[in-house]
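Colleague: I would like to go through the terms used for this model and see what each one rests on.

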Amino acid sequence: MENKAKDYSHIKGWGIDADPKNDPTYPMRKRENEDHEGYSWDRPPQQPVDIEVLHSIERPNVTAVFGTSRPPRGLSGKIRRFAFRYGEGSFAHWLPLVMADRVDVVEGILDDLRKGHLPNIWAERGMGAEWKYNRKGLLQRMAVTTALTAAVIVLLKRD
Amino acid sequence: MIAMNYRGPQRIRVDRDTPMPEILHPQDAIVRVTRACICGSDLHLYNGNVPDTRVGETFGHEFIGVVEEIGSDVTKLKVGDQVIVPFNIACGECTFCEQELYSCCHEANPQATAAGGIFGYSHMTGGYNGGQAEYVRVPYANVGPMVIPEGMHPDDAVLLTDVVPTGYHAAEMGGIQKGDTVVVFGAGPVGIMAAKSAWLFGAGRVIVFDKEEYRLDFVRKYAQCEAYNFLSISDPVVFMKKTTDSLGADVCIDAVGAEASGSKLQTVTGRKTLMQAGSATALQWAINSVKKGGVVSIVGVYGPTVNMVPIGNAVNKGVTIRGSQTSVKRLLPKLVKHVQDGILDPKAIITHHIPLEEVADGYRIFADKLDNCIKPVLVPPSANI
């Protein structure tokens, strides 16, 4: 092998956590008999379920705690409810969720407009930083995008 | 309060009228955030690659802060404590937590059994708001949070929530034995820490691959390792074979995950069209570069569906594949000591301190690797440190 160091004294802490027993071919599980009895532990108290929480059909219940950031809503919520009728190994679960995410984006824009907020796409995409640190690249991308858009418009307007 | 607000792929903003989080469970705490990182895995959310990422969510799973309020059953923290909050949300009581698999807690994520609870990481990991905000709700406050030791720099503390433990865990899962050749794919913050940690297990040679020269320069100095730009190598796997007497590395670490570059097929089918759960280039290279009977350790994050990887090669070569989200709580005592003893210097990887109000620019800088960015940290206006 090339460049193989023999003296590691220049590397602070070299080998201090070396553990010959940490061989992944050894069994790693530390399960006791009671762990084989299934859902047997004393569960923490249940967080009140006062919002809609979609839960995987691969578990019997809502977990003791859960996030409340965004309950399902609107059309995206309907798609999410459909997705949660299927197991986690199924594309019928994940692909609708991806679709719901995209519908959610449109709903988010409509929601902003309904509240009188016009999304500042330039700022939301962090283009200020791009302008500051990569102005040439940004201008090139804008020029290419403008040229392609113009070409498409010209093509569409031709008889 | 001020909080980051996801509006869609590559669109985020700061909302100044976000409602304050509330105690919703007797074991909850409310933490005032003093530092919050943007993580490489946040970019999967940012790019819209993680299913069930809902508009309006606040990201952020790497944060520290000050306890402002506690629920009635919280006994191990008090108001005013400054705490490191592991990115895993774990009950400490289920069969998985009992085995210290805190990242697999069965009482923190109703939406999926294949993932535990994580702060600010979509509804796929529980639907919790994250720490890229002035305040955040921290469930199971008796279990995860650790009081920051006296004298520890906040920039060191915030990197102990994920980056340092995950890099260390990547090396640990490799089962590195003294003298082993270890390859790390990815010179992002986690890859840098994995390379650094590999030496602690006695690696004989550490090699890092990336495509960003400034990151390769950094990791060469910081982790005292070899580092190569895969853009200047026609086939990194062949390169690895040639440099290891045609045998391959003893341990290969995937510290990239779904955003990998290097293979047009993987990029188009993974990152661009979402036909697979991200681009699995790093994992493909890891399986093909590892020695027969070697170990592939995966800490790079992938989506929940499927990926194209050479599983046949893994079988034929007798490769052991290990992967998991890091159980931060298990590793914290040891890693805190390593930082205190000067073995690890996490804060050296922080290149940018960015006001929380400029979070959209922060994501853009990190995502596009502008201004030689390695690790950006967000500082809320109410941090006061």
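Colleague: What makes helix α9 (residues 281-289) of chain B largely enclosed by the rest of the structure?

Modeller: 8 of its 9 residues are buried, so helix α9 of chain B is largely enclosed. Buried means under 20% relative accessible area, with exposed over 50% and partly exposed in between (1.4 Å probe, protein chains only). The buried residues include Thr281(B), Leu283(B), Trp285(B) and Ile287(B). A helix here is a DSSP run of H or I of at least four residues, numbered from the N terminus.

Colleague: What are the values based on?

Modeller: This is a predicted model, where local features need pLDDT of at least 70 and side-chain atom pairs count only at pLDDT 80 or more, while totals for chains, interfaces and linings use all residues. Side-chain values use heavy atoms, without hydrogens and water.

Colleague: Why is the pair Asp52(B) and Arg80(A) called a salt bridge?

Modeller: The rule asks for a side-chain nitrogen of Lys or Arg within 4 Å of a carboxyl oxygen of Asp or Glu. The closest N and O atoms of Asp52(B) and Arg80(A) are 2.8 Å apart, so the pair qualifies. Across the interface of chain B and chain A the rule finds 7 salt bridges.

Colleague: How many residues does each chain bring to the contact?

Modeller: Chain B brings 87 residues and chain A 78, contact meaning heavy atoms within 4.5 Å.

Colleague: What area do chain B and chain A bury between them?

Modeller: About 6800 Å², 53% of it on carbon and sulfur atoms. Buried area is the accessible area (1.4 Å probe) that two parts lose on being put together, summed over both. In chain B, Arg11(B), Glu107(B) and Pro110(B) lose the most to chain A, together 10% of what that side buries.

Methods:
Residues numbered from 1 in each chain as written. Chains lettered and ligands numbered in written order. Helix = DSSP H or I, 4+ residues; strand = E, 2+ residues; numbered from the N terminus.
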